Amino acid sequence: MRGIRAAIVDLDGTMVDTLGDFDAALNATLRELGRPAVARADIERMVGKGSMHLIRAALRHGGLDEAGAQARLDEAWASYQRHYAVANGAHSAVYPGVVEGLHALQGRGLALACVTNKPLAFARDLLHAKGLAPFFAQVFGGDSFARSKPDPLPLIETCRALAVAPAHTLMVGDSQNDALAARAAGCPVALVSYGYNRGEPVRGVDADAYLDRLDELPARLLP
Ligand SMILES: O=C(O)COP(=O)(O)O
Ligand SMILES: [Mg+2]
């Protein structure tokens, strides 16, 4: 990968293993609504397209049809917001190699942004709680723009905010959502192998590089 001057880094499944937070908040919500719990392996397949998608998928998984899930959605969303604010960062951990990788990218002079489908307020709180906030010049969430990943809009707007063209801005993510958004925005893309990607192997997704740790990245970037 040549001429990279900035990187956009995904949050859930790329920098922080947040499955424990999702598990705690989602199942507390379902309990409150009197709906069946969802196993962690199933949550892993549902994460990646934002909180609203996760809640709807969990209600459907518990046996509600589309209309039934829709009818409980406002109540579920309010409950989930409350529970997630408590769970956020409490059951999650930064993946090995992330801090080292971000340090190295920063040392090479790359501008860094975090773009996640997580609501912005939760993303900011999590980055602060895990000591990752100082790395990022910009942070955008699933509610920052009119559309979220896999739509290219968040990446295009982030490149604009960083004042670096998409062709020189590397997207680093863990899922097909990140790769599709990057391809459509014209950003090169590297995917980590340890994240969520709907429970499927990430090497089946079209990307420019696959990484087992974020600190492998600097060596893969050519001047
Ligand atoms: O909240 C989600 O759905 C996942 O967010 P991500 O974009 O950081 O992977
Ligand atoms: Mg992710």
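Domain 1 (6-17 + 93-220) and domain 2 (19-87) each supply at least three residues to the shell around ligand 1. The model described here is predicted.

The chain is divided into these two parts, domain 1 (6-17 + 93-220) and domain 2 (19-87). Taken over C-alpha atoms, the centres of domain 1 and domain 2 are 24 Å apart. The two domains also touch: 13 residues of domain 1 are in contact with 14 residues of domain 2.

Which residues are found around ligand 1? They are Asp10, Leu11, Asp12, Phe22, Val47, Gly48, Lys49, Gly50, Thr116, Asn117, Lys118 and Lys149. Sorted by class, this shell has three nonpolar, four polar and five charged residues.

| Residue | Atom of the residue | Distance to an oxygen atom of ligand 1 |
|---|---|---|
| Asp12 | backbone N or O | 2.8 Å |
| Gly48 | polar backbone atom | 3.0 Å |
| Thr116 | polar side-chain atom | 2.6 Å |

Asp12 and Gly48 take part through the backbone, whereas Thr116 uses a side-chain atom. How much of ligand 1 does the protein bury? Taken alone, ligand 1 exposes 280 Å², and the protein buries 97% of that.

Where does ligand 1 sit? Ligand 1 is in the largest pocket. The residues around ligand 1 include Asp12, Gly48 and Thr116, and both domain 1 and domain 2 contribute at least three residues to that shell.

Notes. Residues numbered from 1 in each chain as written. Chains lettered and ligands numbered in written order. Predicted model: local features only at pLDDT ≥ 70, side-chain atom pairs only at ≥ 80, totals over all residues. Heavy atoms only, no water. Near = heavy atom within 4 Å. Polar contact = N/O pair within 3.5 Å; in protein donor to acceptor, adjacent residues only side chain to side chain. Areas by Shrake-Rupley, 256 points an atom, 1.4 Å probe, with all protein chains shown as cover. 1 Å grid on protein atoms, 1.4 Å probe; cavity = no way out; pocket = protein on both sides within 12 Å on 5 of 7 lines; lining within 4 Å. Sits in = over half its atoms within 2 Å of the grid points. Nonpolar A, V, L, I, M, F, W, Y, C, P; charged D, E, K, R; others polar. Domains from an automatic or database assignment. Contact = heavy atoms within 4.5 Å.
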